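Hi everyone, thanks for making time today. Please have a look at the structure while I talk you through it.

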Amino acid sequence: MIITNPLFWFAVLGMGVVMLFVGKKMDLLNNTAYAAVVSVVIVVAYFHIVDHYMMDMQGLDYWYLFRN
């Protein structure tokens with residue numbers, strides 16, 4: 001599953017950062033919907049990355065939630 005791969009979440013985080021810089025440059029961050037989407041993308045990706053590595057350090061398996 002792609003969502004269990006931390007590299008996927010790094011890519012999503014990178015996409016969110018690119019959206020942030022594009023939004024700043026094009027003055028899109030004044031649009032509430034655009035700013036909310038960028039924020040959610042960054043927050044969700046960051047949460048998954050940190051949670052994956054923090055739980056991995058403790059010997060826990062975060063991705064069991066997404067297994068079939």
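Predicted model: local features only at pLDDT ≥ 70, side-chain atom pairs only at ≥ 80, totals over all residues.

Residues are numbered from 1 along each chain as its sequence is written, and side-chain values use heavy atoms, with hydrogens and water left out.

The protein chain has two helices and zero strands; helices here are DSSP runs of H or I with at least four residues, strands are E runs of at least two, and both are numbered from the N terminus. Of the 68 residues, 26% are buried, where buried means under 20% relative accessible area, exposed over 50%, and partly exposed in between, with a 1.4 Å probe and protein chains only.

Now to α2, which covers residues 32-57. The helix has 26 residues and spans 37 Å from first C-alpha to last, close to the expected 38 Å; that expectation is 1.5 Å times one less than the number of residues.

Which residues of α2 are buried? Among them are Tyr34, Val38, Val41, Ala45 and His48. The buried residues of α2 pack against α1, residues 6-25.

How do the two helices sit together? Their packing angle is about 150° and their axes are 9 Å apart; axes are lines fitted to C-alpha atoms, for helices over the stretch in contact, and angles run from 0 to 180 degrees between N-to-C directions. So α1 and α2 are roughly antiparallel, a label for angles over 145 degrees, with under 35 being roughly parallel, 65 to 115 roughly perpendicular and the rest oblique.

Let's zoom in on valine 41, in helix α2. Valine 41 counts as buried because its relative accessibility is 18%. Beyond neighbours within four places in sequence, valine 41 is in contact (heavy atoms within 4.5 Å) with Val12, Met15 and Gly16. Glycine 16 is 25 residues away from valine 41 in sequence, yet their C-alpha atoms are 5.7 Å apart.

Last stop: aspartate 27, in the loop between α1 and α2. Aspartate 27 has a phi near 60°, a positive value in a residue other than glycine. Is aspartate 27 buried or exposed? At 54% relative accessibility, aspartate 27 counts as exposed.
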